[in-house]
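Here is a short briefing to read alongside the sequence and the fold. Take a moment to get oriented, and then we can walk through it together.

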Amino acid sequence: MVDATKTRKVRLTDRDAEILRDHVGCFRMTTYEAVRRIYWPDETIHAAKSWVRRMREAGYLGDAPLYGSLNYYYPTHAAVTEFQLESGSEGFRSPVRLAQVYGMLAFCCLGQQVHAKLSPSQFREKFPELVIGRQIPEEYYLDKEGDRGRLGYLLIDTRRPLRRIRDRVRTLISE
């Protein structure tokens, strides 16, 4: 967790703001490896650790346990406010929600191919014809295949009964 009394003045670069807004804000979390893979692919993990440390010291990132000794980093209230991030970004209390959000991060950033996740606001901007006055799920991403792109939806299995998964898929297709 972030201790507001221990924050220090850190001079943010445009790149720092971009990572906070476009990556951490979109996924609502990150890990060292995700940051390294997207922003420092030719560097060691130390570049990502250094960036995360700076953002934690500035009070923009908080940390919480993910699994084992691995932590995840989430945008604090200061980051949400300063960078106008989607609300509800300050850590996850539900293990199911944490699994869903980490599953999306892992699929988009840690797999063989990198995919661009769409935040609800990005979805509204790119696909206004698909917005029908309802809340946009956060599980949409763009899949680049050759010259064409496809809109994808990632349904994370959190040990739901098969019937509920089937019903969710049918609902998504009908919408």
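This is a predicted model: local features need pLDDT of at least 70, side-chain atom pairs count only at pLDDT 80 or more; totals for chains, interfaces and linings use all residues.

**Helix α2 against helix α3**
- The crossing of α2 past α3 is right-handed.
- On the α2 side the contact is made by Tyr32, Glu33, Val35 and Arg36, which meet Ile45, Ala48, Lys49, Trp51 and Val52 of α3.
- Sorted by class, the residues of this α2 and α3 contact are six nonpolar and three charged, with no polar ones.

**Helix α1 against helix α3**
- Asp16, Ile19, Leu20 and Val24 of α1 meet Trp51, Arg54 and Met55 of α3.
- The α1 and α3 contact comprises five nonpolar residues and two charged ones, and no polar residue.

- As general background, nonpolar side chains in soluble globular proteins tend to be buried together.
- In this model the largest nonpolar core holds 20 residues, and Leu20, Trp51, Met55, Tyr60, Leu61 and Phe83 have the most contacts inside it.
- Two or more residues of this core come from each of α1 (14-27), α2, α3 and α4 (77-82).
- Setting aside residues up to four places away in sequence, Met55 touches Val10, Leu12, Asp16, Leu20, Tyr60 and Leu61.
- Another core, of 18 residues, lies apart from the largest one and includes Met29, Tyr102, Leu105 and Cys109.

**Glu139 in its loop**
- Where does Glu139 sit? Its place is in the loop between α6 (120-126) and β4 (140-145).
- Is Glu139 buried or exposed? Glu139 has a relative accessible area of 17%, and under 20% counts as buried, so Glu139 is buried.
- Beyond its neighbours within four places in sequence, Glu139 is in contact with Arg97, Met104, Gly152, Tyr153 and Leu154.
- Between Glu139 and Thr13 the C-alpha to C-alpha distance is 29 Å, with a separation of 126 residues in sequence.

Conventions. Residues are numbered from 1 along each chain as its sequence is written. Side-chain values use heavy atoms; hydrogens and water are left out. A crossing is left-handed if the near helix is turned anticlockwise from the far one by less than a right angle, and right-handed if clockwise. Helices (H or I, at least four residues) and strands (E, at least two) are DSSP runs, numbered from the N terminus. Contact means heavy atoms within 4.5 Å. Ala, Val, Leu, Ile, Met, Phe, Trp, Tyr, Cys and Pro count as nonpolar, Asp, Glu, Lys and Arg as charged, and the others, Gly among them, as polar. Buried means under 20% relative accessible area, exposed over 50%, partly exposed in between (1.4 Å probe, protein chains only). A nonpolar core is a set of buried Ala, Val, Leu, Ile, Met, Phe, Trp, Tyr and Cys residues joined through side-chain atoms within 4.5 Å.
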